[in-house]
Every structure is written in C-alpha cells, then in structure tokens.
Amino acid sequence: MFDVKPLTGAIGAEITGVDLNLPISDRVAKALRVALWRHLIIVFRDQFLDISAQKRLTEVFGEVMRLPYVEPTNDDPDVIAVLKEASEHNVGVFGGEWHSDFSFLERPPSGSVLNAVEVPDYGGDTLWANQASAYEALPADLRKIVEGRDAIHVGKPYGVKYAPPKESRAASSIRMTRGDPDADREIHHPAVIEHPHSGRKALFLNPIYTTRFDGMSDAESAPLLEAIYKHCIRPEFCCRLRWSPGAVAVWDNRMTLHYAVNDYDGVRRLLYRTTFVDVRH
Ligand code: SIN
C-alpha cells in the first residue's frame, strides 16, 4: 500500500508511495494511524499540501483542534503559521525547548501535523524523543518516583506567574496571548500514561509545562524532574528531521517530546501546523 522506512531504532519513519493531495481511502487512513502509533512520528516528502489537504490529513488521525493562546492564521482558525522571518535575529522560536504541546490542558492534543512551506537549506531541524522508550529504560529509583503519581502542569508561558517579560526576545512572527490567570491553573496528569491504541506506557512530563509532582513542592520536585529530563532526551530515544519544502510530519504528542532547533538566523522558515485530538477509530 505504501512503504515505511524507520528513521532510527527508536522513533520515526519515512513513508513513501502515498500522495496526500489525493483523497485518502479508509484502508490507507487506518494503515497511516497504525504507522503513527508504532513509529510516533511519520514523515512524507514532496507533498506540497494546500491547507485543505493538510486538514484532510489531520482528520485521518483525529478531530482538528483549535489551540488557545496562539494566534491562528487570518485565513483559517484551525491553522498556525510557525514562522521566523529572515529579519528576526537572536530571538527565541516557538517550540524551542523540549516539550509536549499544551500538556497543561485538561485534554492535551493527541498529535500535530507540520507542513513545510519554506525552510532553510540547512538548520531549523526538529527533534523528537520517544517517551515510551524513555519510560521503559528509566532507572529503578526514578521509576519509583513516577509510578502511580500525578504531575502538575501549568500553562506557564501564557499565564501571569511565569510568563516571560514583554521585552523578552521571542520571535514576533508568531503571536501569543500572555497574562491569562486561567493559564496558571494547575492541571493534574499521571506522570506515566498509557497510549489508548497501542497500550504502551510512556512518561508524560516536560520542562515547559510541568511544575512539580503531586504531593511534593517545586523545590523537592526540581532535581527529580531534572534527572528524568536528562534521561528522557538521550540520543538513543531521539530522531532528528531535516526539513525540505513540501515535507509533512505527523507526530503523537502523548508519547513524544519535541524540540525546534533555532540555528538558522537570517533565513525565513515557515511551516503550517494543525493539531488533533483522538477519536476512537
Ligand atoms: C512546534 O513545537 O510545534 C514547532 C516545531 C518546529 O517548528 O519545528
């Protein structure tokens, strides 16, 4: 039906032999979901999708979800333009730290689609880390901490308490709402989650939004979280995607962390992003 070539021993696969501009049959859609649940990030090259084809692809994996706090494109409220202009030097980028998207929501996204429009010849890669592999290899002392325990997630960058100061050098091409007291609300999620389809267990903790473990203070949690994060992003659990125009990546947001590498000052980078929440297939 299509070919699936793993990118590394732990995570990621490139899929060839499918044209996502054409209608996607139920049979292909099911096989794509299975490929995603297995490899956690799947990549297609040379697709050059318009927004309606991107949304059709997104719907293969779940319902399209609108994101709070990040301004969508003028043309479509379901789409975010992940953009850094060539003129933006020495600024932070969207997703420029290891994270799982919007983990502070009661129902975090199941996954996202990134559709590359304009990318540097080199630089601007994205990394993903498999949190199921990280959980399976977690040393016993840290496993004891996370097993059966909730962690607290807060929408730090968007709230009042932690939001970066206005003068901080964040890329201005992507606009975010800051200072919403509701984003400071503490949301509990299990530190170890189970994938609803594969049943695989994974760590669900990330440095942007997780503040502490339930039953512990921030200070007590900090060294434990730091040790866990160091483990979570070991190269053995990661893949690194070099973008090309027309490339499309779909990833599972529950079982992975991702990181946008900010090493391309002076070059424009534009990808369209859509996000989805799972429905039972
Ligand atoms: C994101 O976190 O969604 C952005 C990823 C990227 O720009 O590579």
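Reader: Hey, I'm looking at helix α2, residues 51–61. Which of its residues are buried?
Author: In this predicted model, the buried ones in α2 are Ala53, Gln54, Lys55, Leu57, Thr58, Val60 and Phe61.

Reader: And what covers them?
Author: The cover over the buried residues of α2 includes helix α1 (26–39) and the strands β3 (41–44), β4 (63–64), β6 (111–118), β14 (248–252) and β16 (269–277).

Reader: OK, on to cores. How many residues are in the largest nonpolar core?
Author: That core has 35 residues. Ile41, Trp128, Tyr158 and Trp243 have the most contacts inside it.

Reader: Which strands supply at least two residues of it each?
Author: β3, β5 (80–84), β6, β13, β14 and β16 do.

Reader: Switching topic: what's the strand order in the open sheet of three strands?
Author: The order is β13-β7-β15, and the pairing is antiparallel. The edges are β13 (238–241) and β15 (256–260), each of which pairs on one side only. On average, neighbouring strands here are turned by 20° against each other, ignoring direction.

Reader: How many bridges join β7 to β13?
Author: Four bridges join them, with β7 covering residues 126–130. As for who faces whom, threonine 126 is opposite leucine 241 of β13.

Reader: Now serine 100. Where does it lie, and is it buried or exposed?
Author: Serine 100 is in the loop between β5 and β6. It counts as buried because its relative accessible area is 2%, and the cut-off for buried is under 20%.

Reader: What does its side chain reach?
Author: The serine 100 side chain reaches the backbone oxygen of asparagine 253, at 3.5 Å. Leaving out residues up to four places away in sequence, serine 100 touches Phe204, Asn206, Tyr209, Asn253, Thr256 and Leu257.

Reader: Last one, proline 6. Which strand is it in, and what does it touch?
Author: Proline 6 sits in strand β1, residues 3–6. Not counting residues up to four places away in sequence, it touches Gly12, Ala13 and His39.

Reader: And how far apart are proline 6 and aspartate 46 in space?
Author: They're 18 Å apart, C-alpha to C-alpha, and 40 residues apart in sequence.

Methods. Residues are numbered from 1 along each chain as its sequence is written. This is a predicted model: local features need pLDDT of at least 70, side-chain atom pairs count only at pLDDT 80 or more; totals for chains, interfaces and linings use all residues. Side-chain values use heavy atoms; hydrogens and water are left out. Two strands pair if DSSP finds at least two bridges between them. Axes are lines fitted to C-alpha atoms, for helices over the stretch in contact, and angles run from 0 to 180 degrees between N-to-C directions. Buried means under 20% relative accessible area, exposed over 50%, partly exposed in between (1.4 Å probe, protein chains only). Contact means heavy atoms within 4.5 Å. A nonpolar core is a set of buried Ala, Val, Leu, Ile, Met, Phe, Trp, Tyr and Cys residues joined through side-chain atoms within 4.5 Å. A polar contact is a pair of N or O atoms within 3.5 Å; within protein, one must be able to donate a hydrogen and the other to accept it, and residues adjacent in sequence count only if both atoms are side-chain atoms.
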